[in-house]
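Thank you all for coming; I would like to walk slowly through one structure, so please have the sequence and the model open beside you while I talk.

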Amino acid sequence: MSAHDLIARQHEGPVDAASGARLASDGLRLVCLADDDGRAFDGWQAAVTRGFLGDEPSDVQRETGRGLRGHRRMIAVLDDSIPQPEVPVGTLASWVAELSVPGGVVDSCAISSVTVAPTHRRRGIWRAMMEGELRTAAALGLPVASLTVSESTLYGRFGFAQAVTAASIEIDVKRASWAGPAPSGRVDFIPRERWREHAPELFDSIRRVTPGEAEMPRGHLDRFAGTRADAEKPGHTRAVQYTAASGEITGLALYSVEENHDDFTRSSVTIANLMAADADAYAGLWRFFIEMDLIGTVRASELAVDEPLLWMISDRRAATLTLRDHHYLRVLDTPALLGSRRYEGAGSVVLDVHDPLDLAGGRFRLTVGEDGAASVARTEDAAGARLGVAELAAIVLGQVSAVTLAAAGRIHAEDPVALARLFGWHRPVRLSYWY
């Protein structure tokens, strides 16, 4: 199946029959909204905004949202007995997006906008939507589902696990001078519209080689740059580019500044987005922010846990690093997912994978050749490791060690060290945004 056909089938397919029947027995309707139904979209958008504690959408926000229809599959649970039956009591959005894995990419069912109205809690709405969408994605042959979460305790019961940790950093630049290499290029201010023009190509070149990154959803880059009609205080965001000595644009950044009216030399800068295609652009952009005039504090989030920046400042204790769970994965097809990535060295192991939803479980032999390519086949051989789909999702990108999960009692392996070596990867894992 071509990528275009896969996206079309996922977007236009029916809702899960089992989940629909379960909700119908409670007087609720599980539906997939049509892209051209403006009234239905307005109700769906209102429910999503309410679910994430936002204000009611303005006319501009509604119009902007309508313009972004078409890439997401919009699932809604409707209750025809309530005063506003057009506003769903449950919502979920999904779409097909490339997910970067070690040494390759794989199609993922990305999930977002999951809400349940507080008036309809504990009626099985959330479970019906999530299980139904996972079954739909698995039936289409998507190897994995992915999401970022507002509550970390919600999705483990469905087999999701954190595969990417996000780091936030705050640097007291009055005590931490630049100690990294001198970049060979230059930093220049650019209009936000120019940042928006160059960002897609640069981001794609970076995310394809960074495990954990995912194809950017439509509208996100405009939201970051403040180039959408519904942007709030767009002028608060400034943009810069890094140009290499060759003349190629290899870095981009967005940032905002907050004045400290008691001491202007201790104002703060918050970096909303920083893309660097190579080490020179990385050093050039970070040095620009570390050495910015009148700035006392530099902040950034959604960074890798092992950022080179920490080795490029003179005082490590001037940096406060905060870690938070970020990108969650759910295995839907074990052979397809494990076969899509590369591995650091040769090896073989039999994995006994348990799946409570019976989508990706079984016993599989993973065999990795000297070139790092893998083959995965079902087997009846004795298992070298027993684990759930959540634990498999946690280690598949290489950030979480099988040794750690074995020590936590989450993986039972004959040789946890060998398993950790097999799944490890040399490149830091990261997802640079929320979706």
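Let me begin with a question: which strands each supply at least two residues of the lining of the largest cavity? What we have here is a predicted model, and in it strand 10 and strand 11 each supply at least two residues of that lining. The largest cavity has a volume of about 70 Å³, and among the residues that line it are Ile271, Trp286, Ser301, Arg430 and Ser432. If we sort this lining by class, we find six nonpolar, three polar and two charged residues.

Strand 10, which covers residues 267–276, also takes part in the second largest pocket, where it gives four residues, the largest share of the lining. That pocket holds about 500 Å³ of space, and of the 22 residues that line it, the closest to its centre are Ala276, Tyr282, Glu307, Arg427 and Arg430. Helix 6 and helix 8 join strand 10 in supplying at least two residues each, and by class the lining has 13 nonpolar, three polar and six charged residues.

Strand 11, residues 295–303, leads us to a set of paired strands, for it pairs with strand 6 in the antiparallel sense over five bridges, and here Ile171 stands opposite Val298. Strand 6 is also joined to strand 12 by ten bridges, again running antiparallel, with Ile169 opposite Leu321 in strand 12.

Now let us turn to helix 1, residues 3–12, where Leu6, Gln10 and His11 are buried. Why do we say that these three lie on the same side of the helix? They do because they cover an arc of only 125° around the axis. The face turned away from that buried side carries His4 and Glu12, which are exposed. The buried residues of helix 1 pack against several elements, including strand 2, residues 73–78, and helix 5, residues 125–139.

Key: Residues numbered from 1 in each chain as written. Predicted model: local features only at pLDDT ≥ 70, side-chain atom pairs only at ≥ 80, totals over all residues. Heavy atoms only, no water. Pairing = 2+ DSSP bridges. 1 Å grid on protein atoms, 1.4 Å probe; cavity = no way out; pocket = protein on both sides within 12 Å on 5 of 7 lines; lining within 4 Å. Points joined across faces, edges and corners; volume = space filled by probe spheres on them. Nonpolar A, V, L, I, M, F, W, Y, C, P; charged D, E, K, R; others polar. Buried < 20%, exposed > 50% of the residue type's maximum accessible area, 1.4 Å probe, protein only. Arc of directions from axis to C-beta. Contact = heavy atoms within 4.5 Å.
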